[in-house]
Amino acid sequence: MSKTAKMWIVVAAVLVALGMVLFAGVMTAYDWDFTKLSTITYETNTYQVSGTFDIISIDVNTTEIEFIPTDDEDCSIVCFEAEKVKHSATVQNGTLVINTLDTRKWYDHIGISLGTPKMTVFLPQNEYNSLFIETDTGDITISEDFMFETLEIKGDTSDIKCYASVTNIIEVEVSTGNIEVGNISAGQLNLATTTGGIKISSATVKNNIDIETDTGSVKLTDISCADFIAEGDTGTISLKNVIATEKISIENDVGDIKFEGSDAAEIYFKTSTGDVAGTLLSEKIFITDTATGRISVPKTTTGGKCEIKTSTGDIEIAIENF
């Protein structure tokens, strides 16, 4: 190695050391509070809303959203928001409309933002007609204190937690976010995510549950519905105490299908390299097909049809108390 190269290595090491010392000094002065490094100014604002409404429509970007009941007669929205990215809340023809007011110039997007915008919606009623939310990266939480006729949420990297019951349909679609639904009743449940997971627990659904996912896992516990239909790629799909009065249909590629104490009048499972294993509650007429996998199913000749297809996956089924 030449003397010039060695010199530059020494200089670089000294500069790195000086940078670390300077950073430590600055953070010590800030009591190691990294939020103080943010170049974006945040503030808390409250928006009072007058007028009656039974529909809620929200269109925001990165704001987390939470719904909380209030004893007040009017609705209020408390926002922790950037100085130049605020929100508006108005009632228009019986609809509460909440939008983002972004007044930033192009150069305002250059900087460090370490804060997390958040919106808390205080609602004076427990029941509403419809709730529509469209967001990019903001997480959404809907508590069990509310009930809607329809609920629709669309997001990108948002995590969605819904504990509110819905008379008609719950429809949630996100890209990389997780979806969690629990302790609800609904007419129908449609959930879709790309790389996020889906978790449903303690749900009574009058009609169908439809689920689509790519690499995320799916887990259902204590569910009753008419039809359960799921499509996945690499994630595991697990059912525990899931009862469908009509049909359970699951198609997965390399992900496993696991179930415990679950049943339906008719069952259809299909995987490529994933295994299919679990316990049913009633006898079935089994129709199985696999290329290289092992097959172990009860030798029953009554009941509804249970068709299972795999390529290299194993099939292992048992019937409880049989």
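Student: Which backbone oxygen lies 2.5 Å from a polar atom of the side chain of Thr300?

Tutor: The backbone oxygen of Lys284 does. Bear in mind that this is a predicted model. Thr300 sits in the loop between strand S21 (295-296) and strand S22 (304-309).

Student: Is Thr300 buried or exposed?

Tutor: Buried means under 20% relative accessible area. With a relative accessibility of 10%, Thr300 therefore counts as buried. Setting aside neighbours within four places in sequence, Thr300 is in contact with Glu283, Lys284, Ile285, Phe286, Ile319 and Phe322.

Student: How does Lys154 read by that scale, buried, partly exposed or exposed?

Tutor: Lys154 has 39% relative accessibility, so it counts as partly exposed. This residue belongs to strand S10 (residues 147-154). Its contacts, leaving aside neighbours within four places in sequence, are Ile133, Glu134, Thr135 and Glu173.

Student: Let's turn to the core. Which residues touch the most other members of the largest nonpolar core?

Tutor: The general idea is that in soluble globular proteins, nonpolar side chains tend to be buried together. Here the largest nonpolar core has 70 residues, and Phe67, Ile77, Phe148, Ile200, Ile211 and Phe228 touch the most other members. Take Phe67: not counting residues up to four places away in sequence, it touches Ile58, Val121, Leu123, Leu131, Ile133, Thr141, Ile142, Ser143 and Phe146.

Student: And how many aromatic pairs does a search of the whole structure find?

Tutor: The search finds 4 aromatic pairs. One of them joins Phe53 and Tyr128, whose ring centres are 5.7 Å apart and whose planes meet at 15 degrees, so the pair is stacked. Phe53 lies in the loop between strand S1 (42-49) and strand S2 (55-59), and Tyr128 in strand S8 (residues 127-134), so this pair ties together parts that are 75 residues apart in sequence. Phe53 is buried at a relative accessible area of 7%, and Tyr128 is buried at 4% relative accessibility.

Student: What geometry do the rings of Phe259 and Phe269 have?

Tutor: A pair of aromatic rings is described by the distance of the centres and the angle of the planes. For Phe259 and Phe269 the centres are 5.1 Å apart and the planes at 35 degrees, so the pair is tilted. Both Phe259 and Phe269 are buried.

Student: Which residues do ring pairs link into a cluster?

Tutor: Phe53, Tyr128 and Phe148 form that cluster. You have met Phe148 already, among the core residues that touch the most other members.

Key
Residues are numbered from 1 along each chain as its sequence is written. This is a predicted model: local features need pLDDT of at least 70, side-chain atom pairs count only at pLDDT 80 or more; totals for chains, interfaces and linings use all residues. Side-chain values use heavy atoms; hydrogens and water are left out. A nonpolar core is a set of buried Ala, Val, Leu, Ile, Met, Phe, Trp, Tyr and Cys residues joined through side-chain atoms within 4.5 Å. Buried means under 20% relative accessible area, exposed over 50%, partly exposed in between (1.4 Å probe, protein chains only). Contact means heavy atoms within 4.5 Å. Rings of Phe, Tyr and Trp (its six-membered ring) pair if their centres lie within 6.5 Å; planes under 30 degrees apart count as stacked, over 60 as edge-to-face and the rest as tilted. Helices (H or I, at least four residues) and strands (E, at least two) are DSSP runs, numbered from the N terminus. A polar contact is a pair of N or O atoms within 3.5 Å; within protein, one must be able to donate a hydrogen and the other to accept it, and residues adjacent in sequence count only if both atoms are side-chain atoms.
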